[in-house]
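These are my notebook entries on one protein model. I went from the overall fold to single residues.

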Amino acid sequence: MKDHGHSQEEVERRIGDPPGRGYLRDLVYGGIDGSVTTFAIVAGVAGAGLSPLIIVALGLANVLADGFSMAAGNYSGTKAELDDIERLREIELRHLQEHPEGERREIREILRLKGLEGAVLEAATDAIAQNKEASVQLMLEGEYGLAGVDPHPMRAAVATFFAFLIAGMIPLLPFLLGLENAFRFSAIATGMVFFGIGALKSRWALTPWWRSGLETLLIGGLAAAIAFGVGTLFHA
(Lines give C-alpha, C1' and ligand atoms only; values in the text may rest on other atoms or scores of the structure.)
Protein backbone atom coordinates (compact mmCIF):
# COMPACT_ATOMS: atom_id res chain seq x y z
CA MET A 1 0.00 0.00 0.00
CA LYS A 2 1.14 3.54 -0.71
CA ASP A 3 2.49 5.43 2.31
CA HIS A 4 0.71 8.62 3.29
CA GLY A 5 2.37 11.97 2.75
CA HIS A 6 3.93 14.13 5.45
CA SER A 7 3.60 17.66 4.13
CA GLN A 8 1.97 20.14 6.52
CA GLU A 9 -1.24 20.18 4.46
CA GLU A 10 -1.41 16.38 4.30
CA VAL A 11 -0.73 16.01 8.01
CA GLU A 12 -3.42 18.57 8.95
CA ARG A 13 -5.98 16.95 6.67
CA ARG A 14 -5.26 13.40 7.86
CA ILE A 15 -5.06 14.13 11.59
CA GLY A 16 -7.98 16.57 11.48
CA ASP A 17 -10.30 14.05 9.84
CA PRO A 18 -9.17 10.51 10.74
CA PRO A 19 -10.91 7.70 8.83
CA GLY A 20 -11.59 5.55 11.89
CA ARG A 21 -11.33 1.80 11.90
CA GLY A 22 -12.93 1.46 8.45
CA TYR A 23 -15.02 -1.52 7.37
CA LEU A 24 -12.35 -4.15 6.72
CA ARG A 25 -13.48 -6.21 9.72
CA ASP A 26 -17.13 -6.06 8.64
CA LEU A 27 -16.35 -7.01 5.02
CA VAL A 28 -14.02 -9.88 5.92
CA TYR A 29 -16.36 -11.15 8.63
CA GLY A 30 -19.42 -11.00 6.38
CA GLY A 31 -17.64 -12.48 3.36
CA ILE A 32 -16.11 -15.43 5.19
CA ASP A 33 -19.26 -16.21 7.13
CA GLY A 34 -21.39 -15.94 3.98
CA SER A 35 -19.16 -18.39 2.14
CA VAL A 36 -18.77 -20.79 5.05
CA THR A 37 -22.41 -21.01 6.10
CA THR A 38 -23.82 -21.24 2.58
CA PHE A 39 -21.34 -23.85 1.43
CA ALA A 40 -21.84 -25.72 4.69
CA ILE A 41 -25.53 -25.98 3.78
CA VAL A 42 -24.65 -27.01 0.22
CA ALA A 43 -22.20 -29.63 1.48
CA GLY A 44 -24.56 -30.94 4.13
CA VAL A 45 -27.52 -31.28 1.78
CA ALA A 46 -25.35 -32.73 -0.99
CA GLY A 47 -23.89 -35.19 1.49
CA ALA A 48 -27.39 -36.30 2.35
CA GLY A 49 -28.05 -36.93 -1.35
CA LEU A 50 -30.95 -34.49 -1.64
CA SER A 51 -31.98 -32.72 -4.85
CA PRO A 52 -30.33 -29.55 -6.22
CA LEU A 53 -33.66 -27.72 -5.80
CA ILE A 54 -33.50 -28.22 -2.05
CA ILE A 55 -29.89 -27.03 -2.05
CA VAL A 56 -30.86 -23.83 -3.86
CA ALA A 57 -33.89 -23.21 -1.63
CA LEU A 58 -31.99 -23.68 1.61
CA GLY A 59 -28.97 -21.79 0.29
CA LEU A 60 -31.01 -18.75 -0.75
CA ALA A 61 -32.86 -18.78 2.56
CA ASN A 62 -29.52 -18.79 4.36
CA VAL A 63 -28.04 -15.98 2.26
CA LEU A 64 -30.99 -13.67 2.83
CA ALA A 65 -32.04 -14.59 6.36
CA ASP A 66 -28.63 -15.20 7.89
CA GLY A 67 -27.14 -12.25 6.01
CA PHE A 68 -29.81 -9.96 7.42
CA SER A 69 -29.39 -11.50 10.86
CA MET A 70 -25.65 -10.88 10.79
CA ALA A 71 -26.15 -7.31 9.61
CA ALA A 72 -28.72 -6.68 12.33
CA GLY A 73 -26.42 -8.20 14.92
CA ASN A 74 -23.51 -6.07 13.75
CA TYR A 75 -25.70 -2.97 13.81
CA SER A 76 -26.88 -3.71 17.35
CA GLY A 77 -23.37 -4.50 18.55
CA THR A 78 -21.86 -1.39 16.99
CA LYS A 79 -24.75 0.72 18.30
CA ALA A 80 -24.19 -0.68 21.80
CA GLU A 81 -20.51 0.24 21.47
CA LEU A 82 -21.47 3.75 20.43
CA ASP A 83 -23.97 4.06 23.30
CA ASP A 84 -21.26 2.98 25.74
CA ILE A 85 -18.91 5.65 24.40
CA GLU A 86 -21.61 8.28 24.91
CA ARG A 87 -22.27 7.01 28.45
CA LEU A 88 -18.58 7.25 29.33
CA ARG A 89 -18.38 10.68 27.72
CA GLU A 90 -21.19 11.92 29.97
CA ILE A 91 -19.48 10.45 33.02
CA GLU A 92 -16.22 12.24 32.20
CA LEU A 93 -18.01 15.53 31.56
CA ARG A 94 -19.68 15.23 34.97
CA HIS A 95 -16.39 14.34 36.65
CA LEU A 96 -14.68 17.34 35.07
CA GLN A 97 -17.27 19.54 36.71
CA GLU A 98 -17.46 17.78 40.08
CA HIS A 99 -13.84 16.61 40.52
CA PRO A 100 -11.61 18.94 38.46
CA GLU A 101 -8.44 18.23 40.43
CA GLY A 102 -8.91 14.49 40.26
CA GLU A 103 -9.49 14.68 36.52
CA ARG A 104 -6.40 16.83 36.13
CA ARG A 105 -4.39 14.12 37.87
CA GLU A 106 -5.80 11.56 35.41
CA ILE A 107 -4.83 13.76 32.45
CA ARG A 108 -1.36 14.22 33.88
CA GLU A 109 -0.88 10.47 34.39
CA ILE A 110 -2.02 9.67 30.84
CA LEU A 111 0.43 12.20 29.43
CA ARG A 112 3.21 10.94 31.71
CA LEU A 113 2.74 7.44 30.35
CA LYS A 114 3.06 8.89 26.84
CA GLY A 115 6.58 10.04 27.73
CA LEU A 116 6.09 13.67 28.83
CA GLU A 117 7.86 14.87 31.96
CA GLY A 118 8.91 17.95 33.89
CA ALA A 119 7.77 21.39 32.81
CA VAL A 120 6.52 20.07 29.47
CA LEU A 121 4.25 17.58 31.26
CA GLU A 122 2.79 20.28 33.51
CA ALA A 123 2.26 22.71 30.64
CA ALA A 124 0.56 20.07 28.49
CA THR A 125 -1.64 19.00 31.42
CA ASP A 126 -2.73 22.59 32.03
CA ALA A 127 -3.45 23.18 28.35
CA ILE A 128 -5.60 20.07 27.95
CA ALA A 129 -7.37 20.53 31.31
CA GLN A 130 -8.59 23.94 30.10
CA ASN A 131 -10.22 22.35 27.04
CA LYS A 132 -13.23 20.28 28.09
CA GLU A 133 -13.61 18.33 24.83
CA ALA A 134 -9.86 17.62 24.58
CA SER A 135 -9.89 16.39 28.18
CA VAL A 136 -12.80 14.02 27.58
CA GLN A 137 -11.28 12.64 24.38
CA LEU A 138 -7.91 12.06 26.02
CA MET A 139 -9.52 10.19 28.91
CA LEU A 140 -11.70 8.08 26.62
CA GLU A 141 -8.55 6.94 24.86
CA GLY A 142 -6.15 6.78 27.81
CA GLU A 143 -8.47 5.65 30.60
CA TYR A 144 -10.89 3.39 28.71
CA GLY A 145 -8.86 2.42 25.64
CA LEU A 146 -11.51 3.65 23.20
CA ALA A 147 -10.79 4.81 19.67
CA GLY A 148 -10.85 8.48 18.84
CA VAL A 149 -13.38 8.04 16.01
CA ASP A 150 -16.91 6.83 16.73
CA PRO A 151 -18.17 3.81 14.73
CA HIS A 152 -21.11 4.03 12.29
CA PRO A 153 -23.63 1.24 13.06
CA MET A 154 -25.63 1.44 9.81
CA ARG A 155 -22.56 1.52 7.57
CA ALA A 156 -21.10 -1.45 9.43
CA ALA A 157 -24.37 -3.37 8.98
CA VAL A 158 -24.60 -2.60 5.26
CA ALA A 159 -20.98 -3.64 4.69
CA THR A 160 -21.58 -6.93 6.51
CA PHE A 161 -24.81 -7.70 4.64
CA PHE A 162 -23.48 -7.09 1.13
CA ALA A 163 -20.24 -8.97 1.81
CA PHE A 164 -22.32 -11.89 3.11
CA LEU A 165 -24.71 -11.68 0.15
CA ILE A 166 -22.03 -11.59 -2.56
CA ALA A 167 -19.78 -14.24 -1.07
CA GLY A 168 -22.73 -16.41 -0.03
CA MET A 169 -24.20 -16.55 -3.54
CA ILE A 170 -21.06 -18.02 -5.11
CA PRO A 171 -21.52 -21.58 -3.72
CA LEU A 172 -25.05 -21.57 -5.17
CA LEU A 173 -24.19 -20.38 -8.69
CA PRO A 174 -23.39 -23.84 -10.15
CA PHE A 175 -26.77 -25.11 -8.94
CA LEU A 176 -28.63 -22.02 -10.17
CA LEU A 177 -26.98 -22.45 -13.58
CA GLY A 178 -27.89 -26.15 -13.67
CA LEU A 179 -24.32 -27.29 -14.28
CA GLU A 180 -23.36 -30.94 -14.25
CA ASN A 181 -21.18 -31.85 -11.27
CA ALA A 182 -22.53 -28.69 -9.63
CA PHE A 183 -21.24 -29.67 -6.20
CA ARG A 184 -17.70 -30.04 -7.50
CA PHE A 185 -17.82 -26.60 -9.14
CA SER A 186 -19.37 -25.15 -5.99
CA ALA A 187 -16.56 -26.55 -3.86
CA ILE A 188 -13.88 -25.18 -6.21
CA ALA A 189 -15.54 -21.74 -6.45
CA THR A 190 -16.02 -21.54 -2.68
CA GLY A 191 -12.41 -22.54 -2.08
CA MET A 192 -11.32 -19.75 -4.41
CA VAL A 193 -13.48 -17.29 -2.44
CA PHE A 194 -11.94 -18.43 0.84
CA PHE A 195 -8.44 -18.06 -0.56
CA GLY A 196 -9.27 -14.74 -2.23
CA ILE A 197 -10.67 -13.20 0.93
CA GLY A 198 -7.62 -14.31 2.89
CA ALA A 199 -5.23 -13.02 0.24
CA LEU A 200 -7.08 -9.70 0.05
CA LYS A 201 -7.03 -9.06 3.79
CA SER A 202 -3.26 -9.56 3.78
CA ARG A 203 -3.03 -6.09 2.21
CA TRP A 204 -3.73 -4.73 5.68
CA ALA A 205 -1.40 -7.13 7.49
CA LEU A 206 2.23 -8.23 7.56
CA THR A 207 1.31 -11.82 6.69
CA PRO A 208 2.24 -12.93 3.12
CA TRP A 209 -0.81 -13.09 0.83
CA TRP A 210 -0.45 -16.81 0.17
CA ARG A 211 -0.26 -17.68 3.87
CA SER A 212 -3.29 -15.55 4.71
CA GLY A 213 -5.17 -17.12 1.81
CA LEU A 214 -4.30 -20.68 2.85
CA GLU A 215 -5.26 -19.94 6.45
CA THR A 216 -8.72 -18.74 5.44
CA LEU A 217 -9.08 -21.64 3.00
CA LEU A 218 -8.25 -24.09 5.79
CA ILE A 219 -10.82 -22.56 8.16
CA GLY A 220 -13.59 -22.55 5.55
CA GLY A 221 -12.69 -25.99 4.24
CA LEU A 222 -12.83 -27.47 7.73
CA ALA A 223 -16.32 -26.06 8.32
CA ALA A 224 -17.50 -27.42 4.96
CA ALA A 225 -15.97 -30.85 5.62
CA ILE A 226 -17.76 -31.09 8.97
CA ALA A 227 -21.09 -30.18 7.34
CA PHE A 228 -20.58 -32.67 4.52
CA GLY A 229 -19.69 -35.40 7.02
CA VAL A 230 -22.84 -34.74 9.04
CA GLY A 231 -24.90 -34.75 5.84
CA THR A 232 -23.60 -38.18 4.80
CA LEU A 233 -24.95 -39.62 8.06
CA PHE A 234 -28.45 -38.96 6.73
CA HIS A 235 -27.82 -40.26 3.21
CA ALA A 236 -30.60 -42.64 2.30
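**Entry 1: overall fold.** I began with what counts as an element: helices are DSSP runs of H or I with at least four residues, strands are runs of E with at least two, and both are numbered from the N terminus. The model is a predicted one. By that definition I found 10 helices and zero strands. I read the order from the N terminus as α-α-α-α-α-α-α-α-α-α.

**Entry 2: dimensions and surface.** I looked up the radius of gyration, which is 25 Å, whereas a compact globule of 236 residues would have one near 18 Å. The C-alpha atoms fill a box of roughly 80 × 40 × 30 Å along the principal axes. I noted that 34% of the 236 residues are buried.

**Entry 3: helix α7.** Which residues of α7 are buried? I listed Pro153, Ala156, Ala157, Ala159, Thr160, Ala163, Phe164, Ala167 and Gly168. Seen down the axis of α7, these fall within an arc of 165 degrees, so they line one face of the helix. On the other side of α7, I found Met154, Arg155 and Ile166 exposed. The cover over the buried residues of α7 includes α2 (24–47), α3 (52–98) and α9.

Entry 4: The largest nonpolar core has 14 residues, of which Leu88, Ile107, Leu111, Leu138, Met139, Leu140 and Leu146 touch the most other members. The elements giving two or more residues to this core are α3, α4 (100–113), α5 (118–129) and α6 (132–142). Leaving aside residues up to four places away in sequence, I saw that Leu138 touches Ile107, Ile110, Leu111, Lys114, Ile128 and Glu143. A second, separate core has 11 residues, including Val42, Ala43, Ile55 and Leu172.

**Entry 5: serine 202.** I located Ser202 in the loop between α9 (182–201) and α10 (209–232). Is Ser202 buried or exposed? Its relative accessible area is 9%, and Ser202 is therefore buried, as the cut-off for buried is under 20%. Beyond residues up to four places away in sequence, Ser202 touches Thr207, Pro208, Trp209 and Ser212.

Definitions and conventions
Residues numbered from 1 in each chain as written. Predicted model: local features only at pLDDT ≥ 70, side-chain atom pairs only at ≥ 80, totals over all residues. Heavy atoms only, no water. Buried < 20%, exposed > 50% of the residue type's maximum accessible area, 1.4 Å probe, protein only. Contact = heavy atoms within 4.5 Å. Arc of directions from axis to C-beta. Core = buried A, V, L, I, M, F, W, Y, C linked by side-chain atoms within 4.5 Å. Rg over C-alpha atoms; globule rule 2.2 N^0.38 Å.
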